[in-house]
Amino acid sequence: MRILIRNGRVIDPATNRDGKYDLLIEDNKIIEVSEKIDTDADKIINADNLWVMPGLIDMHVHLREPGFEHKETIETGSKSAARGGFTSICPMPNTNPPIDNEFMVEYIKVKAEREAIVNILPVGAITKGQLGEEMSNIGNMAAAGIVALSEDGKSVMNANLYKKAMIYSKNYNLPILAHCEEKSLAGKGVINAGSKALELGLSGISNDVEDIITIRDIILAESTGARLHLCHLSTEGAVRFLKEAKQRGVLVTAEVCPHHFALTVDDITGYDTNYKMNPPLRNRNDVDAILEALKSDIIDVIATDHAPHHEYEKNTTMDEAPFGIVGLETAVALTITELVDKGIITPMQMATKMSFNPAKILGINKGTLSEGSIADVVIIDPNFVGTVEPEKFASKSKNTPFKGRSIKGRVNYTFVSGIVVYDVANE
Amino acid sequence: MWNYKDFIGIKNLTKEDIKHILDLSFEMKQQMINDKAREIKQTRGNMTTLFFENSTRTKHSFYMAGQNIGLRVTDLAIGTSSVQKGESLMDTLQTIDSMGTDIIVMRHSESGSQEFAARNCKASIISAGDGTNEHPTQALLDAMTILDKKGSFEGLKVTIAGDILHSRVAKSNLYLLNKMGAKVTFTGPTTLVPKAITQMGAKVCYDLKESVKDADVVMGLRIQMERQNSGAFPDLREYNKTYGIDGAIFDYAKKDAILMHPAPVNWGVELDRSLFTAPYSVISEQVTNGVAVRMAVLYMIMEYRNNRK
């Protein structure tokens with residue numbers, strides 16, 4: 001099977017290509033990228049005015065399986081990923097039971113092998129049962145194929161245990177994906193602390209909730225030499241600590257989610273639970289700091305924190321509703337609309353933050369369009385103009401605050417190992 | 001003219017809406033206190049009270065108000081209901097709604113629960129307080145009491161002392177008094193009076209005497225014992241010493257000032273026991289006005305429903 005993608009704008013950080021090229025896929029590999037390829041192919045795609053990027057990699061998703069299959073499954077989550085242009089996704093371990101030993105990792109891999117249409121790269125929990133009491137089977141999980149460690153949804157509050165896990169993880173060269181949240185300060189907060197929370201009578205989550213653990217984790221990364229990756233960074237303070245740590249050479253990277261650069265706390269309308277996520281939507285100055293850090297590459301990665309929840313779970317009060325929104329199918333459009341179109345980042349930076357850097361941080365041989373590599377490819381139409389339509393999501397859940405929002409950009413094709421897993425023509 | 005299905009907050013009401021309700025409330029009160037029970041405006045319909053939080057005066061006040069205007073009133077005893085088996089708010093609401101009640105009077109510990117109920121029920125939702133958001137009928141009965149004593153809201157200085165951060169009463173009062181032209185000053189410990197509330201149009205002052213100085217209305221708020229556990233202040237003794245209102249503090253207010261409290265009062269904490277019989281205390285009148293205000297609101301909502309049938 002040969003697929004020829006003609007005349008697209010190939011944007012590939014690994015080879016530093018950015019220009020009009022033809023790209024030829026044979027079976028599961030990219031076999032040639034050059035200005036003109038004259039050859040027969042089983043399928044020829046005209047990519048005039050389209051972007052051809054290495055398949056996107058989302059370091060931070062929740063696939064809810066096992067335990068919460070009413071929200072999402074590995075199968076539906078992978079379809080959502082394909083529709084969003086993602087060819088590899090990293091499910092977080094906060095399932096039920098959690099991914100804290102090699103048997104659970106095997107389970108995810110077997111299910112993925114059978115049902116997923118994109119690559120599933122599991123993340124293992126740092127502590128058993130995510131209870132923050134004992135180290136999980138980090139070595140066994142590494143052998144079973146996890147790509148990172150995370151206690152996602154919370155921080156390991158016991159600094160001694162956390163530090164030991166960081167040192168232990170070094171033997172397996174696994175990055176620690178850190179959800180930074182000081183539990184006692186966060187309390188029962190549901191939205192950003194400040195005038196909006198006061199007005200609505202809701203408990204607030206202040207910036208220091210995130211800042212304190214961010215700085216703690218940076219200190220521990222420095223003292224242990226472990227690789228730290230800050231998840232869903234949301235505050236101006238965290239950006240400042242990150243920048244300063246990078247300047248000193250600490251092994252730290254960071255991701256931001258589209259909702260944290262596209263929305264502020266002032267966008268929250270009434271008690272709409274689709275605006276409840278953790279970390280919460282912050283103030284303008286926080287978003288401005290994030291935008292600046294995206295531009296200057298202080299922030300390495302754009303990840304979605306795709307957090308599907310069933311409608312009946314979200315149709316309740318702010319206090320009762322679970323945290324999180326779906327993100328896989330809006331990430332490309334929001335990144336183009338809010339960042340690329342506004343000149344904050346270039347298309348090359350977009351490909352770097354959504355594919356090349358995640359691959360590098362996870363230590364996987366992906367995120368590249370170089371000849372001979374596995375054909376994980378996405379074709380994006382950056383000029384498409386439309387609105388966010390949750391009813392078309394492939395995800396089982398539709399919990400998004402972006403419904404009806406005008407956006408630019410969409411995914412036209414997604415290829416995983418040379419196979420078309422999404423084609424916009426089939427919508 | 002009232003034109004909303006529900007009554008869940010002061011925030012979105014206009015000055016005219018508030019005037020309309022207060023006028024009707026005074027009319028109701030006249031009929032009530034002159035013992036002309038047979039002349040009280042009557043309507044038909046039924047209401048259910050749904051109190052997820054404990055209450056003496058608000059619940060009974062609504063109960064009496066409903067009966068005074070001819071509603072058939074029932075109560076869902078939450079303590080012995082399926083809520084104790086883990087039934088969700090949505091399920092409880094839908095069950096009551098499906099039984100065909102016209103009005104649900106609800107109190108719930110979560111902010112926004114009234115909006116949620118209003119969105120999901122055919123019945124009219126009347127708020128008896130939600131979380132730390134609003135307690136709109138309390139603000140109305142306070143306004144009625146102030147208007148009765150002062151004749152007008154324009155330029156009045158209203159000082160509210162206590163746990164502002166967790167007070168739905170303070171918030172509803174602030175919305176209402178701002179709309180009507182009075183000026184609100186909040187005072188209390190820095191941990192319970194956030195500076196950010198100035199963005200909602202209040203003055204904040206952490207000195208009790210300064211706050212009470214030249215006030216027309218001084219209102220103490222109940223210090224909720226459970227808040228103490230959150231560590232917002234060391235203990236009740238220190239609270240009383242710093243923010244407790246007694247006769248000497250009250251002397252800083254204007255000569256004709258009135259003392260208010262939404263009750264129940266923790267005597268000896270936010271108000272000194274000596275104020276129990278103070279001539280300037282209007283706490284009992286607040287309770288009476290509460291019935292009148294709730295009669296007005298219930299009547300108004302039933303009129304709205306009947307006109308749309």
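A salt bridge is counted here when a side-chain nitrogen of Lys or Arg lies within 4 Å of a carboxyl oxygen of Asp or Glu. By this rule there are 32 salt bridges over all chains. The model is predicted: local features need pLDDT of at least 70, side-chain atom pairs count only at pLDDT 80 or more, and totals for chains, interfaces and linings use all residues. Residues are numbered from 1 along each chain as its sequence is written, chains are lettered from A and ligands numbered from 1 in the order in which they are written, and side-chain values use heavy atoms, with hydrogens and water left out.

## Domains of chain A

Chain A is divided into domain 1 (2-51 + 374-426) and domain 2 (56-362), with bounds that come from an automatic or database domain assignment. Taken over C-alpha atoms, the centres of domain 1 and domain 2 of chain A are separated by 25 Å. Contact, meaning heavy atoms within 4.5 Å, takes 37 residues from domain 1 of chain A and 50 residues from domain 2 of chain A.

Buried area is the accessible area (1.4 Å probe) that two parts lose on being put together, summed over both. Between domain 1 and domain 2 of chain A this area is about 3,300 Å², and carbon and sulfur atoms give 66% of that.

The count between the two domains of chain A is two salt bridges. A:Asp341 and A:Lys408 meet through their side chains in a salt bridge (3.3 Å, N to O). A polar contact is a pair of N or O atoms within 3.5 Å; within protein, one must be able to donate a hydrogen and the other to accept it, and residues adjacent in sequence count only if both atoms are side-chain atoms. Across the interface of domain 1 and domain 2 of chain A, the rule finds 17 residue pairs in polar contact (both at pLDDT 80 or more).

Helices (H or I, at least four residues) and strands (E, at least two) are DSSP runs, numbered from the N terminus. The elements that give two or more residues to the side of domain 1 that touches domain 2 of chain A include strand 1 (2-12), strand 2 (17-26) and strand 17 (377-387) of chain A. The largest share of that side, eight residues, comes from strand 18 of chain A.

## Nonpolar cores

A nonpolar core is a set of buried Ala, Val, Leu, Ile, Met, Phe, Trp, Tyr and Cys residues joined through side-chain atoms within 4.5 Å. Buried means under 20% relative accessible area, exposed over 50%, and partly exposed in between (1.4 Å probe, protein chains only). In soluble globular proteins, nonpolar side chains tend to be buried together.

The largest nonpolar core has 101 residues, and A:Leu294 and A:Met350 have the most contacts inside it. Helix 12 (residues 331-340) of chain A gives the most to this core, with seven residues. Both domain 1 and domain 2 of chain A give residues to this core, so it lies between them. Not counting residues up to four places away in sequence, the residues that A:Leu294 touches include A:Val256, A:Phe261, A:Leu339 and A:Lys353. A second, separate core of 66 residues includes B:Trp2, B:Val169, B:Tyr175 and B:Ile197.

## Salt bridges within each chain

| Salt bridge | Closest N and O atoms |
|---|---|
| A:Lys128 and A:Glu134 | 3.7 Å |
| A:Arg216 and A:Asp217 | 3.0 Å |

B:Lys254 lies in the loop between helix 10 (247-250) and strand 9 (258-260) of chain B, and B:Asp216 in the loop between helix 7 (208-212) and strand 8 (217-220) of chain B, so the pair ties together parts that are 38 residues apart in sequence. B:Lys254 is partly exposed at 35% relative accessibility, whereas B:Asp216 is buried at 6%.

A:Arg216 and A:Asp217 are both buried. A:Lys128 is partly exposed, with a relative accessible area of 33%, and A:Glu134 is also partly exposed, at 47%. A network of salt bridges links A:Glu65, A:Lys111 and A:Glu115.

## Interface of chains A and B

The contact takes 21 residues from chain B and 13 residues from chain A. The area buried between the chains is about 1,400 Å², of which carbon and sulfur atoms give 51%.

One salt bridge is counted between chain B and chain A: A:Glu199 pairs with B:Lys11, the closest N and O atoms being 2.7 Å apart. Nine residue pairs are in polar contact across this interface (both at pLDDT 80 or more). Helix 4 of chain B gives the largest share of the side of chain B that touches chain A, five residues.
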